[in-house]
Amino acid sequence: MEYIVFSDESRYNQGRFRSIAAVSFPYVCSNSYLDFSNELKSIINSAHAGEMKWTKVKGSRSQDINRAKHATNFVISSLSRGMRIDTIIWDIKDSRHDIVGRDDINNLSRMYFHLHRNLIERRGANSNWHLYPDQQHSIDWDTINQCLDSDGPWERLTQDTLLFEELKHLKPHIKAFKPVESSETPFIQLADLFAGMASYSCERSGQIKLLMKEAKGQPNLFNETTSDDQITRTDTARFEVIWNFYLQCKRNSLGVSLETNGYFLTHHPQNPINFWHYHPQHSLDKAPRKTKGLVSQYRRYRG
């Protein structure tokens with residue numbers, strides 16, 4: 001099987017919660033891909049507001065609110081065509097990231113590696129891949145490509161010892177790996193939207209919980225609002241997009257959680273809409289420091 005993936009990050013060096021989202025779907029032929037891309041492009045261009053970005057979803061920008069809602073509707077309707085959205089979220093206050101001298105760029109590279117390796121496993125490792133991340137000049141994309149194309153990441157696909165030829169057979173074939181411009185690539189803009197929704201829902205989970213109560217007509221009986229929970233016009237605008245998307249996920253039994261914690265979470269990662277909160281895998285799982293790059297970290301720990 002052949003697949004295509006577009007990915008983008010949100011807030012990799014800002015705030016407590018950082019994220020990357022990847023949009024993937026089967027690649028049948030160039031014509032079918034262009035038709036699919038043009039469907040999304042028509043949604044993006046309908047607002048006459050330029051590139052679609054999560055940061056544009058604000059209280060005074062109704063056209064950006066509406067097209068973000070239409071774009072999430074497009075995702076739900078595209079699941080039947082094999083689309084997946086995988087989003088990885090990490091917390092810089094956890095034991096992996098709350099370290100002196102953390103290298104955010106190299107850590108972002110590591111998270112791109114984790115996200116792509118895991119989504120490739122869910123699709124089926126013995127497959128062909130076209131990977132198109134958003135252009136980020138600070139990242140060593142060649143190293144990420146080499147790491148994904150090496151034997152090590154795929155050893156844990158089985159508990160048995162594999163012969164080299166068997167292991168090689170299980171590995172994905174990376175046919176293309178090329179950073180692209182988001183302004184020219186609708187699916188990168190879609191990835192930006194989901195990455196932004198993911199990190200925002202974690203940062204503003206208190207506000208989202210309050211807005212959910214209001215949306216369901218539940219009074220605030222215990223006067224829970226504090227200065228930290230102050231709801232802004234941007235919160236209200238973004239909640240409109242989040243709530244619309246969540247209700248569709250619920251209606252289609254997609255297993256996306258929001259009401260429990262106030263942020264997006266998927267308990268079963270095989271589901272086609274997967275919000276994955278990365279947690280340290282063991283005591284040696286630490287974010288890279290500025291004295292160590294992705295390659296040296298990868299050699300020490302491949303988990």
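Analyst: A residue counts as buried when its relative accessible area is under 20%, as exposed when it is over 50%, and as partly exposed in between, with a 1.4 Å probe and protein chains only. Y33 is buried, with a relative accessible area of 18%. The model is predicted, so local features need pLDDT of at least 70 and side-chain atom pairs pLDDT 80 or more, while totals for chains, interfaces and linings use all residues. Residues are numbered from 1 along each chain as its sequence is written, and side-chain values use heavy atoms, without hydrogens and water.

User: How many aromatic pairs does a search of the whole structure find?

Analyst: A pair of aromatic rings is described by the distance of the centres and the angle of the planes. Rings of Phe, Tyr and Trp (its six-membered ring) pair if their centres lie within 6.5 Å; planes under 30 degrees apart are stacked, over 60 edge-to-face, and the rest tilted. The search finds 22 aromatic pairs. In one of them, F25 and Y33, the centres are 6.4 Å apart and the planes stand at 15°, so the pair is stacked. Y27 and Y33 also have centres 6.4 Å apart, but their planes stand at 45°, so this pair is tilted. F25 and Y33 are buried, whereas Y27 is partly exposed at 22%. Ring pairs link a cluster made of F6, F25, Y27, Y33, F36, F74, Y132 and F187.

User: Over which rings do R122 and R238 lie?

Analyst: A charge sits over a ring if NZ of Lys or CZ of Arg is within 6 Å of the ring centre and within 35 degrees of the ring normal. R122 lies over the face of W276, 5.8 Å from the ring centre. For R238, the ring is that of Y200, and the charged end is 5.3 Å from its centre.

User: Which residues have the most contacts inside the largest nonpolar core?

Analyst: In soluble globular proteins, nonpolar side chains tend to be buried together. A nonpolar core is a set of buried Ala, Val, Leu, Ile, Met, Phe, Trp, Tyr and Cys residues joined through side-chain atoms within 4.5 Å. The largest core has 55 residues, and M83, F187 and L190 have the most contacts inside it. Helix 6 (residues 186–203) gives the largest share of this core, 11 residues. Another core, of 28 residues, lies apart from it and includes A22, I92, A125 and W141. Contact means heavy atoms within 4.5 Å. Leaving out residues up to four places away in sequence, L190 touches V23, L40, M52, A71, V75, M83 and I85.

User: In what order do the six strands of the open sheet stand?

Analyst: Strands of a sheet pair through backbone hydrogen bonds, either parallel or antiparallel. Helices (H or I, at least four residues) and strands (E, at least two) are DSSP runs, numbered from the N terminus, and two strands pair if DSSP finds at least two bridges between them. The order is 5-4-1-2-3-8, with mixed pairing. Strand 5 (173–177) and strand 8 (273–277) are at the edges with a single partner strand each, so one side of each is left without a neighbour in the sheet. From one strand to the next, the twist averages 20°. Strand 4 (residues 128–133) and strand 5 run parallel, joined by four bridges; F177 in strand 5 is the bridge partner of L131.

User: Which strands does helix 4 lie across?

Analyst: Axes are lines fitted to C-alpha atoms, for helices over the stretch in contact, and angles run from 0 to 180 degrees between N-to-C directions. Helix 4 (residues 141–148) lies across strand 4 and strand 5, at about 165° to strand 5.
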